[in-house]
Amino acid sequence: MAAVKFTLNGKSQTVDVVPQMPLLWVLRDHLGMTGTKFGCGMALCGACTVHINGQPTRSCVTQVSTVAGKSVTTIEGLSADNSHPVQKAWIEADVPQCGYCQSGQIMTAAALVAKTTNPSDNDIDEAMRGNLCRCGTYQSIRQAVHLAARYQAQSGGAQAKGGAR
Amino acid sequence: MKTLTKINRRGFLKSSAAVGGGLVLGFHLPEKGQAQTAGPLKLNAFVKVGTDDTVTLEIHKSEMGQGTVTSLSQLLAEELECDWKKIRTEFPGVEPVYGTPMMGTYGSLSIRTSYNQLRQAGAAAREMLVQAAAQQWRVDKSQCRAENNSVVNTATNARLSYGSLAAAAAKLPAPTNVPLKPAAQFKLIGTSPKRLDTPLKVNGSAGFGLDVRRPGMLYASLERCPVFGGKVASFDGSKAMAVPGVKKVVQISNGVAVIADNTWSAMEGRKALTVKWDEGKWANVSTPGLRQEWAALAAKPGMSMRKAGDAAAAFAGAAKKVEAVYEAPYLSHAPMEPLNATVEVRADGCDIWVSSQIQTVAQQTAAMITGLPAEKCQIHTQYLGGGFGRRGGADYVGEAVEIAKAMSPTPVKLTWTREDDLQHDTYRPASYVKFSGGLDAQGNPVSFSARIVCPPFGGNGTAVEGIQDMKYAIPNVQVEFTAPDTGTPVSYWRSVGYSQNCYFMEAFIDEMAAAAGADPVEFRRKLLAGTPRLLNVLNLAAEKGDWGKPLPAGRFRGVAVVNNIGSFNAQVAEVSVSQGKVKVHRVVCAVDCGQVVNPAIVEQQIQSGIVYGLGTVTKLGITLDKGRVVQKNFNNYDPIRIDEMPVVEVHIVQSRENPGGIGEASTPTIVPAVVNAVYAATKKRVRMLPIRPADLV
């Protein structure tokens with residue numbers, strides 16, 4: 001066991017766990033933040049995506065010791081009230097079906113619209129292809145990412161909000 | 001609050017006594033210790049109204065993405081006349097009113113079985129609120145009208161909110177057989193309000209089974225025999241116990257469980273186990289061997305499943321003959337949420353928090369293992385991170401109950417890994433079919449024969465549906481079936497037997513059309529005159545899918561039709577093939593599922609089913625080697641990703657027919673639509689899935 005200190009959703013966080021433990025399980029089991037999902041354990045499905053220093057990262061293969069001193073944002077930290085541009089777009093397009101993969105989809109999309117002003121379908125496919133959805137919500141995701149990019153522009157443009165903390 | 005409780009309990013007694021159709025609307029006494037206090041007041045098994053004017057609807061069909069939380073709320077609210085914004089929903093425990101003999105969500109039945117029941121429940125609750133208002137105003141009920149969460153006095157325009165009437169309404173006897181609105185007056189049914197579950201699913205707060213947390217809970221991971229049916233011969237857990245966080249190692253009927261204070265430690269501890277297995281009699285099963293065995297079985301006659309005329313004689317005398325063998329592999333469900341269950345076993349009862357499709361089976365499984373009466377085993381249904389049929393089983397619940405029983409009274413959450421999921425599924429069965437079809441000199445089909453070899457489950461119908469019940473008007477038909485035994489567990493997989501048999505059937509009909517020199521749409525049209533709703537979706541898909549019109553260079557179309565789950569759909573797929581690699585660009589689907597409750601959800605389900613089926617065309621298959629499943633994770637069982645997503649256009653037939661199912665409608669259709677388009681592109685028939693690029697070059 002070792003204490004690891006990092007910033008979680010804007011607040012300082014210290015955890016005392018086995019340093020090899022993946023961030024995913026620290027979040028879910030140790031801190032009780034279950035919005036980040038387990039899907040494969042091998043960085044193949046994207047359900048566990050969080051932002052580490054603004055970069056979308058697979059928390060299932062990220063040892064907690066490697067986030068020491070860094071800033072981690074989870075789905076719970078995107079906004080307090082579903083007001084993040086990507087959340088607003090997801091609601092507007094009614095994207096989720098079962099919803100299990102959507103935390104990861106949203107975190108990946110948030111990182112995309114934070115740095116890409118007007119993503120093309122190809123940009124979206126490229127950024128999002130690591131996130132599996134067995135319900136097949138992909139057509140709605142494409143539509144919602146376009147919408148999110150517009151909301152992001154209205155709220156001050158890429159780099160303005162979320163994702164890039 | 002004590003007084004209120006007493007009154008309410010008397011109210012329930014009165015209601016229970018007064019209601020002849022008690023089972024339909026589910027009036028019953030609250031269980032001892034669960035009497036209502038300050039919470040919302042129960043008007044019947046589906047509707048509670050709070051004094052704060054909220055309306056709580058009991059959603060008795062599991063939400064696994066198919067939209068039951070929203071669509072069932074629409075059915076209730078249509079008659080209840082409540083404010084859509086004041087609706088709260090919850091998943092109730094197991095009760096007969098929620099499904100007899102089983103409470104469960106399967107067979108694309110939720111709307112079909114709830115359409116009348118929930119409108120009745122909404123109407124009965126509304127009438128109780130209206131009656132309560134009439135009594136308060138001392139006027140006749142006919143002078144009162146329910147609208148927007150209130151009852152209006154039509155003479156005075158006075159209003160009483162549902163919240164203010166709830167307590168009085170809950171004391172009234174429940175009316176039965178309240179007349180329902182005619183469809184022309186629907187305000188909610190047939191419209192697409194936003195899904196009620198979306199806000200919870202964009203911020204991580206929707207509670208899936210895997211998200212359950214109980215005080216003092218431990219976490220388990222289970223090592224199972226890699227060969228189906230194998231047993232533990234011996235094991236050594238000492239190295240597992242040395243892993244930090246591991247609390248205990250226990251053997252259960254199905255393997256060896258490692259229990260720890262977090263999921264990761266349980267999984268790490270499991271890796272440190274040494275287990276010797278008695279692999280049992282299926283340790284030599286392999287996919288190539290099975291194919292050989294099944295080919296030999298298909299050479300012999302099987303059990304007759306459908307017979308009309310004399311197919312053999314008609315085939316013998318046919319001017320043109322078509323023969324083909326089709327094969328489909330085992331498939332895994334692979335829902336995004338790995339299987340899991342959280343269980344607390346005590347001397348006096350058992351609680352199970354689980355994402356389940358069939359709660360009754362989960363409950364009975366827990367009762368059997370704990371020895372407790374079923375009613376002491378409480379199922380707490382969570383949101384399902386995908387179901388697709390997998391969560392109809394209770395194998396994973398049984399494992400968790402066994403582990404929790406060993407750890408009693410500590411609650412334990414069992415989490416499957418993705419590897420567990422792919423290697424210990426209850427699979428869509430593999431299948432092998434030998435077809436023959438005869439055509440006369442004018443190209444009209446005169447005979448159709450199919451000999452199906454497929455492991456069945458829950459009756460032989462699951463192995464033959466989609467061929468046995470095919471709708472083409474062919475005078476001489478013979479369908480035979482042989483059940484092989486493989487030891488590989490098989491079960492319901494989205495669209496069940498239709499998933500493979502519609503591929504076989506619709507691809508073979510395309511072969512017959514080609515042999516007749518006929519256009520695939522035209523050939524089907526002639527044979528579907530007796531099934532007008534299927535013919536109609538074929539024509540609509542052909543029209544909207546630009547059948548017969550020019551395409552960009554390198555693109556080709558294929559068509560298929562399917563009638564399953566009480567619905568009808570046709571699809572036209574546009575594909576290109578480059579160096580054996582198939583790309584699907586566009587899919588146009590026409591669907592007739594009778595009266596539609598929520599068109600946006602119907603469209604979602606059509607898209608969803610297409611993506612689910614499409615993966616099986618180009619990518620997915622489970623194979624066996626030495627009794628073991630070869631595929632381990634999403635690297636070699638890799639579903640469709642966003643860059644493979646075609647544009648899907650959905651056209652819904654307006655209909656007042658009884659509702660059909662929708663969740664499983666489009667999955668079977670996409671497969672033959674694509675392989676028929678691949679034939680148009682390459683002149684190669686795809687007779688085995690998934691397509692291997694080498695087959696097409």
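Modeller: Helices (H or I, at least four residues) and strands (E, at least two) are DSSP runs, numbered from the N terminus. This is a predicted model, with pLDDT of at least 70 needed for local features and 80 or more for side-chain atom pairs, while totals for chains, interfaces and linings use all residues. Residues count from 1 along each chain as written, with chains lettered from A and ligands numbered from 1 in written order.

Start in chain B, where B:A121 belongs to helix α4 (residues 110-137). B:A121 counts as buried because 28 other C-beta atoms lie within 10 Å (the cut-offs, with C-beta atoms placed from the backbone: 20 or more is buried, 12 or fewer exposed, in between partly exposed). Its C-alpha sits 9.6 Å from that of B:A77, 44 residues away along the chain.

The buried residues of α11(B) are B:Q359, B:T360, B:A362, B:Q363, B:T365, B:A366, B:I369 and B:T370. Covering them are, among others, β15 (340-346), β16 (349-354), β17 (377-381) and α12 (395-406) of chain B; contact here means backbone-placed C-beta atoms within 7 Å.

Technical notes. Two residues are in contact if their C-beta atoms, placed from the backbone, lie within 7 Å.
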